[in-house]
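These are my notebook entries on one chain.

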Amino acid sequence: MQAPVSKRRRFLSRPEWMVLGGLFLLVVSTVIPGWWWWQQQQQLSMARADLRVLVESAQRYNREYGSWPGAASSPVQDIRFGVGLSNARVMNILRALEGPGNENHAGNEQQIVFLEVKPYRVGWSGLDEGGVFLDPWGTPYQIVFDSNFDNVCEVANSIYGRLIGQGLAIWSCGPDQRSDTADDLLAWKLSSALAP
């Protein structure tokens with residue numbers, strides 16, 4: 001006598017599909033926001049690290065040359081790079097590259113490399129094709145130097161106004177890609193960024 005052949009189910013029943021679908025939705029609703037939060041934290045950390053590196057590079061330049069990179073072009077007023085005037089001018093000086101802001105290496109005569117930056121890619125800070133240093137959200141870092149050495153960084157047309165006791169002001173516009181908003185990352189607010 002032969003044993004009865006059991007029939008195998010090929011498909012899940014409707015209640016089983018519903019349970020499986022519910023588990024899938026639970027996993028997706030947990031993983032996607034978690035991944036998005038993690039990515040935002042990584043970008044914020046990257047921007048903070050960039051601010052520290054920019055401050056340290058500019059301070060090393062100041063110790064070497066006794067001025068701020070790009071500030072010699074206007075000793076009367078403080079200059080803002082990043083809006084209107086490209087921060088590539090400062091990057092060329094700090095990277096010892098001949099180009100705008102550092103024509104014939106006039107801004108960095110000894111050709112000392114104060115800063116090295118990788119190329120920009122979406123979600124990662126770096127230099128674009130024109131040499132502009134972009135934050136992880138694709139916006140140029142904002143840089144103001146105390147060009148007239150009055151110990152005040154004057155950030156014209158900005159909520160930051162006069163920053164007394166600052167030789168430089170550097171910030172990222174943050175995730176919203178607009179300056180003068182609550183999500184700006186400010187180097188002068190990072191306690192360790194301005195430490196000598």
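Entry 1, strand pairing. I looked up strands E4 and E7 and found them paired in the antiparallel sense over 4 bridges. I take strands (E, at least two residues) and helices (H or I, at least four) as DSSP runs numbered from the N terminus, and I call two strands paired if DSSP finds at least two bridges between them. Gln142 has Trp171 in E7 as its bridge partner, and Phe145 stands opposite Leu168 in E7.

Residues are numbered from 1 along each chain as its sequence is written, and side-chain values use heavy atoms, with hydrogens and water left out.

Entry 2, the sheet. I then asked in which order the strands of the open sheet lie. The 4 strands follow the order E1-E4-E7-E8, with antiparallel pairing. E1 and E8 are the edge strands, each pairing on one side only. I traced 3 bridges between E1 and E4, which pair in the antiparallel sense. Phe81 has Ile143 in E4 as its bridge partner, and Arg80 stands opposite Val144 in E4. Ser172 stands opposite Leu185 in E8.

I use buried for under 20% relative accessible area, exposed for over 50%, and partly exposed for values in between (1.4 Å probe, protein chains only). For E7, Leu168, Ile170 and Ser172 point one way and Ala169 and Trp171 the other, and all are buried. Why is E7 largely enclosed by the rest of the structure? I counted 5 of the 5 residues of E7 as buried, so the strand is largely enclosed.

Of its 28 residues, Met91, Phe145 and Ile170 touch the most other members. Two or more residues each come from helix H1 (14–65), strand E1 (79–81), helix H2 (88–94), strand E4 (142–145) and strand E7 (168–172). H1 gives the largest share, 7 residues. Another core, of 9 residues, lies apart from this one and includes Cys153, Val155, Leu163 and Trp171.

I also listed the contacts (heavy atoms within 4.5 Å) of Ile170. Not counting residues up to four places away in sequence, Ile170 touches Leu51, Leu54, Val55, Gln142, Ile143, Leu185, Leu186, Ala187 and Trp188.

Side chains of opposite charge can pair when their charged atoms come close. I searched for salt bridges (a side-chain nitrogen of Lys or Arg within 4 Å of a carboxyl oxygen of Asp or Glu) and found that the structure holds 1. Arg162 forms a salt bridge with Glu154, with the closest N and O atoms 3.0 Å apart. Glu154 is partly exposed, at a relative accessible area of 34%.

I counted 2 helices and 8 strands, running α-β-α-β-β-β-β-β-β-β from the N terminus. Buried residues make up 43% of the 196 residues. Of the contacts between residues at least 6 apart in sequence, 51% join residues at least 24 apart.

I checked pLDDT, the predictor's confidence in each residue, from 0 to 100. The chain has a mean pLDDT of 86, and 86% of its residues reach 70 or more. Confidence is lowest in H1, at a mean of 84, and highest in strand E3 (residues 133–134), at 97. Over residues 191–196 the pLDDT is below 50, and this stretch has 10 contacts in the model beyond near neighbours in sequence. Where pLDDT is low, the predicted coordinates should not be read in detail.

Notes: Predicted model: local features only at pLDDT ≥ 70, side-chain atom pairs only at ≥ 80, totals over all residues. Core = buried A, V, L, I, M, F, W, Y, C linked by side-chain atoms within 4.5 Å.
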